[in-house]
Amino acid sequence: MTSLALALSLLPGRYAVAQLPADSALPAWWPSTGMRHAGWTDDELSLVCEEAHVPGNVRCQRGWRMFKLQGPFDFALTGILKAVLDPLAAAGIGSFARSTYDTDYVLVQAPRLDEALSALRDAGHRIDA
């Protein structure tokens, strides 16, 4: 069991992680509401949103379920994401994380959701599903 027990919420719906060229603007299909996250680097524009918004011709991985870590968390705290990612990794479950000013979000593939829930609960986390 981890020494850092957190409260997480399982968000409804399925999400996609999409990739566009680095010089792209937000696309016309980009949703104006709901959980969505965009991040630009020199190499790509990475987008996370409900999968129903992403057209079929866009490079993406679909079928993600999303956990919201119940923040806000002070920037001085350490090990927040690690407390969630370590039990998932120990169970062999791949994950994808996004962070905001107040909190973090962790995505797992939908077919592994039940295993992820078990691993996280076994690590002492409380999950509102």
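**Terms and the values behind them**

Guide: In this predicted model, the largest pocket holds about 170 Å³ of space. Its lining consists of F73, D74, F75, L77, I80, L81, S99, T100, Y101, D102, T103 and D104.

Visitor: How do the residues of this lining divide into nonpolar, polar and charged?

Guide: The division is 6 nonpolar, 3 polar and 3 charged. Asp counts as charged, and D74, D102 and D104 are among the lining residues. Phe, Leu, Ile and Tyr count as nonpolar; F73, L77 and Y101 are among the lining residues of these types.

Visitor: What makes F75 and Y101 an aromatic pair, and of which kind is it?

Guide: Rings pair if their centres lie within 6.5 Å, and those of F75 and Y101 are 5.1 Å apart, centre to centre. Planes over 60 degrees apart count as edge-to-face; the angle here is 85°, so the pair is edge-to-face. F75 belongs to the loop between β5 and α1, whereas Y101 belongs to the loop between β6 (96-99) and β7, 26 residues apart. The structure holds 3 aromatic pairs.

Visitor: Are F75 and Y101 buried or exposed?

Guide: Both residues are exposed, a term that requires over 50% relative accessible area.

Visitor: Why is I127 called buried?

Guide: Buried means under 20% relative accessible area. I127 has 9%, and therefore it is buried. This residue lies in strand β8 (residues 126-128). Not counting residues up to four places away in sequence, I127 touches L8, L10, F67, L117, L120 and R121.

Visitor: Which residues have the most contacts inside the largest nonpolar core?

Guide: They are L6, L8, F67, L69, V84 and L88, in a core of 18 residues. At least two core residues come from each of β1 (7-10), β5 (60-69), α1 (80-90), β7 (104-109) and α2 (113-122). Another core lies apart from this one; it has 10 residues, including W29, W30, L45 and L47.

Visitor: What is L6 in contact with, leaving aside its neighbours within four places in sequence?

Guide: L6 is in contact with L69, F73, I80, A83, V84, H125 and R126. Contact here requires heavy atoms within 4.5 Å.

Visitor: What kind of peptide bond joins G71 and P72?

Guide: That bond is cis, with omega at about 5°. P72 is found in the loop between β5 and α1. Most peptide bonds are trans.

Terms used. Residues are numbered from 1 along each chain as its sequence is written. This is a predicted model: local features need pLDDT of at least 70, side-chain atom pairs count only at pLDDT 80 or more; totals for chains, interfaces and linings use all residues. Side-chain values use heavy atoms; hydrogens and water are left out. A nonpolar core is a set of buried Ala, Val, Leu, Ile, Met, Phe, Trp, Tyr and Cys residues joined through side-chain atoms within 4.5 Å. Buried means under 20% relative accessible area, exposed over 50%, partly exposed in between (1.4 Å probe, protein chains only). Helices (H or I, at least four residues) and strands (E, at least two) are DSSP runs, numbered from the N terminus. On a 1 Å grid over the protein atoms alone, a cavity is a set of points where a 1.4 Å probe fits but cannot get out, and a pocket is an open set with protein on both sides within 12 Å along at least five of seven lines; lining residues have an atom within 4 Å of a point. Grid points are joined across faces, edges and corners, and a volume is the space filled by probe spheres set on the points. Rings of Phe, Tyr and Trp (its six-membered ring) pair if their centres lie within 6.5 Å; planes under 30 degrees apart count as stacked, over 60 as edge-to-face and the rest as tilted.
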